[in-house]
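Here are a few notes to go with your look through this one. Have the viewer open as you read.

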Amino acid sequence: MSATVTAKNITAEVTAWVERNLTPTGLVPDLRKEGLDSFQTLGLPGNKSEEYKHTPITRALEKNFNFLSDNPSPNDTALTGFFIPGIDADILVFVNGMFAPQHSSIAPAAAGVSIMTLKEAVDTRKEVISTHLAKHADFRTDALAALNTASWMDGSFVHIPRNTIVDRPIIIHHIHDVQQGQVISAARNLVVVEPGAKVTLVEKIDSIGSANGFSNLVSELVVAENAELNFYSIQNDKGNRYHYNLIQITQADSSRVNTYTFTLDGKFIRNNLQLALDGQGIESHMYGLYALTGDTLADNHTVVDHKKAHSYSNELYKGIMDGNSRGVFNGKIYVRPNAQKTNAFQANRNILLTDKAAVNTKPQLEIWADDVKCSHGCTTGQLDEEAIFYLQTRGISKEAARAMMLYAFAGEILDNVKHPVLKDYVDRMISERLHKDF
């Protein structure tokens, strides 16, 4: 496709793609139409969009994708290399946006626990679907969320009933098979954790093949009173993946949420992580690590919206940029007038390893209450050459010394991971990456 296609034309082309392929009957057609109408009204974000000025997603789609072609049929390739070894978990696998039951494994659940595809839930869990689906992620102001609302192919549905502790993590794999050509997919996840319940959820992004892939993934996670959610996003896709990821979390009174975002590879990644703290006594922690090389672009946009009093949020994102890579961190904390006694903290720290690597960081606070404790800050620098020299005088090679220091820098994020098998798995990925590529 020509790189000179205008934003208006690409919006029309994407609309034709939705209308031709991705409006199955019976799957909330009224909601899909609302999403499509909103997408057509908003259009894809242009060059002057403040939210996307460092992430030219419209230009990337214009240059790299033909929305008038169909996805190739995936090969039933062994996918075990993408799975997390040694973990006892329920696993749902989606290949090119479609459920792959032959690769999935869901054990008999405790009473009332539902783990299934979103397609199935639309027919069998109508009350929860009508209450929550597309009620939290705002598709009326976000064009890509609107596109997902109109076009999702399938996805995951998880419902944890009141006072249920789920010991096994739930892992959702989103895999693109681009061995035969480009793939464009849209997937949707809905997770509802009822009062007093607890669950760990993992999403993992991967690709097979060398062609381009574009994935549009939206997750709505609802955490009720006194409930706990631990959410991990592992992005180690070595392919040409262009990935838009919106995670919208809504919390009620005295709920607890821990999120962990690891971006270790990929082509073009946009992560929108948004927390609505709509209750008192809430505790939220957001941890992120992006370790980039080559020409990877990773853009992390976060929003923490304190709506009511007596809640706490803590956010720490760290970045390591090598080669021609670019990192973006744009974090916003809102403290509403009724959110007195709020404690909110935000920090972004970055290391640049080359003159060509870059980071754009913009931590922000907007406070409408006067009895709060809030802070934010960012740092960007290079490795301490004196510390590297000190390690060299102890018989450590310069390359090993650099890797050790980078690992120590990343370790502050890893130290907060609670699940031992996940911690070991991510630890090995980070260690391998830092010793091999940096």
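1. Lysine 318 has its charged end over the ring of phenylalanine 409, at 4.3 Å from the ring centre. Arginine 336 does likewise with tyrosine 334, its charged end being 5.0 Å from the centre of that ring. Keep in mind that this is a predicted model.

2. Now the ring-to-ring pairs: the count comes to 11 aromatic pairs.

3. Then look at phenylalanine 65 and phenylalanine 214. Their ring centres are 6.1 Å apart and their planes are at 55°, so the pair is tilted. Phenylalanine 65 is in the loop between H3 and S1 while phenylalanine 214 is in strand S8, so the parts tied together here are 149 residues apart in sequence. Both residues are buried.

4. Which residues make up the aromatic cluster? Trp17, Phe65, Phe67 and Phe214 are in it, along with Tyr242 and Phe268.

5. Last, check helices H2 (residues 29-42) and H6 (residues 143-151), whose axes come within 7 Å and cross at roughly 150°. The crossing is left-handed. Among the contact residues are Leu36 and Phe39 of H2 and Ala146 and Leu147 of H6. By class, the contact has 8 nonpolar, 4 polar and 1 charged residues.

Definitions and conventions: Residues numbered from 1 in each chain as written. Predicted model: local features only at pLDDT ≥ 70, side-chain atom pairs only at ≥ 80, totals over all residues. Heavy atoms only, no water. Axes fitted to C-alpha atoms, helices over the stretch in contact; angles between N-to-C directions. Helix = DSSP H or I, 4+ residues; strand = E, 2+ residues; numbered from the N terminus. Left-handed = near helix turned anticlockwise from the far one by under 90°. Contact = heavy atoms within 4.5 Å. Nonpolar A, V, L, I, M, F, W, Y, C, P; charged D, E, K, R; others polar. Phe/Tyr/Trp six-rings, centres within 6.5 Å; stacked < 30°, edge-to-face > 60°. Buried < 20%, exposed > 50% of the residue type's maximum accessible area, 1.4 Å probe, protein only. Lys NZ or Arg CZ within 6 Å of the ring centre and 35° of its normal.
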